[in-house]
Amino acid sequence: TNPIMFPQSNETTLFILVGSQKGLCGVFNTNVCAKFLKIVEQDSSLAFQTITVGKKATEFYEGHYGQKPILSFDEFSQRSM
């Protein structure tokens with residue numbers, strides 16, 4: 001078996017949560033965050049870390065978990081590359 005396709009249960013999962021920078025994508029942000037919560041809450045023993053992209057994803061993560069993600073990119077644009 002391939003360890004990437006069938007990871008061991010004691011490993012940490014990395015999520016990259018991508019949202020928008022501005023508030024003009026409300027339904028998009030709501031759906032992305034709801035899907036993230038559904039996946040994470042399916043298995044309460046899941047060990048995970050999160051990287052957020054976009055201000056709204058970071059605000060959601062910090063508001064829901066009360067801590068900062070391991071890495072965040074709040075202002076993601078062509079100029080910041």
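Contact, as the word is used here, means heavy atoms within 4.5 Å. This report describes a predicted model, in which local features need pLDDT of at least 70, side-chain atom pairs count only at pLDDT 80 or more, and totals for chains, interfaces and linings use all residues. Residues are numbered from 1 along each chain as its sequence is written, and side-chain values use heavy atoms, with hydrogens and water left out.

Some further terms are required. A residue is buried under 20% relative accessible area, exposed over 50% and partly exposed in between (1.4 Å probe, protein chains only). Helices (H or I, at least four residues) and strands (E, at least two) are DSSP runs, numbered from the N terminus.

Seen down the axis of H1, the buried residues fall within an arc of 100°, so they line one face of the helix. The arc is that of the directions from the helix axis to the C-beta atoms. The face turned away from the buried side carries the exposed residues Val27, Thr30, Lys38 and Gln42.

Glycine 66, with a positive phi near 70°, follows H2.

| Helix | Buried residues | Packing partners of the buried residues |
|---|---|---|
| H1 | Asn29, Cys33, Phe36, Leu37, Val40 | E1, E2, H2 |
| H2 (residues 55-65) | Ala57, Thr58, Phe60, Tyr61 | E1 (13-18), H1 (26-42), E2 (48-53), E3 (71-73) |

**The nonpolar core**

A nonpolar core is a set of buried Ala, Val, Leu, Ile, Met, Phe, Trp, Tyr and Cys residues joined through side-chain atoms within 4.5 Å. The largest one has 9 residues: Phe15, Leu17, Cys33, Phe36, Leu37, Val40, Ala57, Phe60 and Tyr61. E1, H1 and H2 are the elements that give two or more residues to this core, and H1 gives the most, with 4 residues. Leaving aside neighbours within four places in sequence, phenylalanine 60 is in contact with Leu17, Cys33, Phe36 and Leu37.

**Lysine 55**

Lysine 55 lies in helix H2 and counts as partly exposed because its relative accessibility is 40%. Residues up to four places away in sequence aside, lysine 55 touches Ser20, Gln21 and Asp74. Lysine 55 and glycine 19 are 36 residues apart in sequence, and 7.1 Å apart in space from C-alpha to C-alpha.
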